[in-house]
Amino acid sequence: MKDIVVKREVRIEYKIFTKDDVISLIKLFIKLSNEILDRSKEIKQTELIQEGWMETNISEKYINTSHSGIEFTSSDKSKYSFSFKEVSEAKDVLDTKQIIEVELYFSENVLDSKFVLKLRHSDTFSGSSYALVEGEDSDWVNGTIKLLKNFFVTCRNQSTFVEKNKILIFGSTILLLILFLHNLVVVFIRTKVIFPKIVGNMFSENLIYVIMVLSLISATPAVLIYKWLIKLFPGIEIQTGLNYDHAKKERRNKLFLIAILIIVPTILSFFLLRL
């Protein structure tokens with residue numbers, strides 16, 4: 001009777017992986033894969049001896065039923081593939097390329113073991129990064145998942161402020177844009193040139209209607225601003241390549257720019273009203 005295959009999966013979310021984290025994760029992945037591979041080789045060798053094979057005739061190719069590899073995808077969509085023995089070559093790519101996806105995979109047929117880990121630099125919190133472990137050896141499966149979780153705890157957490165405060169950010173942005181547009185329209189009405197008298201009367205007598213119109217106008221830029229913020233704090237962030245430190249400065253600059261684009265025009269519009 002075939003043994004039961006145990007399957008465990010863990011989702012990876014809200015994490016930042018530096019190139020050192022990725023290398024450490026690869027080494028841990030290889031170590032855990034080799035543990036179950038060594039057991040499967042012993043079992044396979046025993047089976048072959050029981051079938052009548054001479055131990056001296058049993059080479060690596062007869063007892064190694066595994067398939068494994070390391071794959072990177074860079075920001076320009078180039079693919080890089082490595083074996084477990086080419087970790088130094090993989091490190092060179094991490095040092096020079098901006099990697100947006102890391103995939104590690106291992107499988108062997110004796111104990112039906114499967115080990116897959118995927119990190120995907122993501123602009124959303126959709127849970128597209130995960131680790132999957134399965135096999136007949138439940139101790140190996142559970143132990144592997146535990147060690148992976150312990151490793152992820154050591155990695156830096158990604159800020160979830162934007163994701164958790166979606167409504168607050170969206171509402172505040174719309175409110176600021178409404179105030180800006182309202183003040184701008186009032187200033188234009190005062191000029192008595194751009195806006196005809198009928199528009200000025202409608203604006204003063206039907207304020208609720210005007211606010212609804214301004215809200216609809218403000219909704220689109222508010223959505224765009226929120227999307228920009230989400231891109232600055234991806235669900236999974238992979239920091240590799242020569243300029244990964246520059247990304248941190250660029251993030252601060254973009255946040256400052258977004259704040260200026262929203263807050264400064266609103267403040268200036270209030271000053272214009274007082275002129």
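**The open sheet and its helices**

Guide: Six strands make up an open sheet, ordered S1-S7-S6-S5-S3-S4, with antiparallel pairing. Strand S1 (6–12) and strand S4 (79–82) sit at the edges. Each has a single partner strand, so one side of each lacks a neighbour in the sheet. From one strand to the next, the twist averages 10 degrees. Keep in mind that this is a predicted model.

Now look at one pair inside the sheet. Strand S5 (residues 99–108) and strand S6 (residues 113–120) run antiparallel, joined by eight bridges. Leu104 stands opposite Leu117 in S6.

Next, the helices. H1 packs on the sheet and touches strand S3 (67–74), S5 and S6. The direction of H1 makes about 10 degrees with that of S5. Helix H1 covers residues 19–50, which is 32 residues. From first C-alpha to last, H1 reaches 46 Å, close to the 46 Å expected at 1.5 Å a residue. Just after H1 comes Gly52, with a positive phi of about 110 degrees.

Helix H4 (residues 138–154) lies across S1, S6 and strand S7 (129–135). H4 runs at about 10 degrees to S1.

Finally, the setting. The chain has nine helices and nine strands. Of its 275 residues, 40% count as buried. Among contacts with a separation of 6 or more, 71% come from residues 24 or more positions apart. The chain exposes about 16300 Å², and carbon and sulfur atoms supply 59% of that area.

How values were computed
Residues are numbered from 1 along each chain as its sequence is written. This is a predicted model: local features need pLDDT of at least 70, side-chain atom pairs count only at pLDDT 80 or more; totals for chains, interfaces and linings use all residues. Side-chain values use heavy atoms; hydrogens and water are left out. Helices (H or I, at least four residues) and strands (E, at least two) are DSSP runs, numbered from the N terminus. The expected span of a helix is 1.5 Å times one less than its number of residues. Two strands pair if DSSP finds at least two bridges between them. Axes are lines fitted to C-alpha atoms, for helices over the stretch in contact, and angles run from 0 to 180 degrees between N-to-C directions. Contact means heavy atoms within 4.5 Å. Buried means under 20% relative accessible area, exposed over 50%, partly exposed in between (1.4 Å probe, protein chains only). Accessible areas come from the Shrake-Rupley method with a 1.4 Å probe; for residues, only the protein chains shown count as cover.
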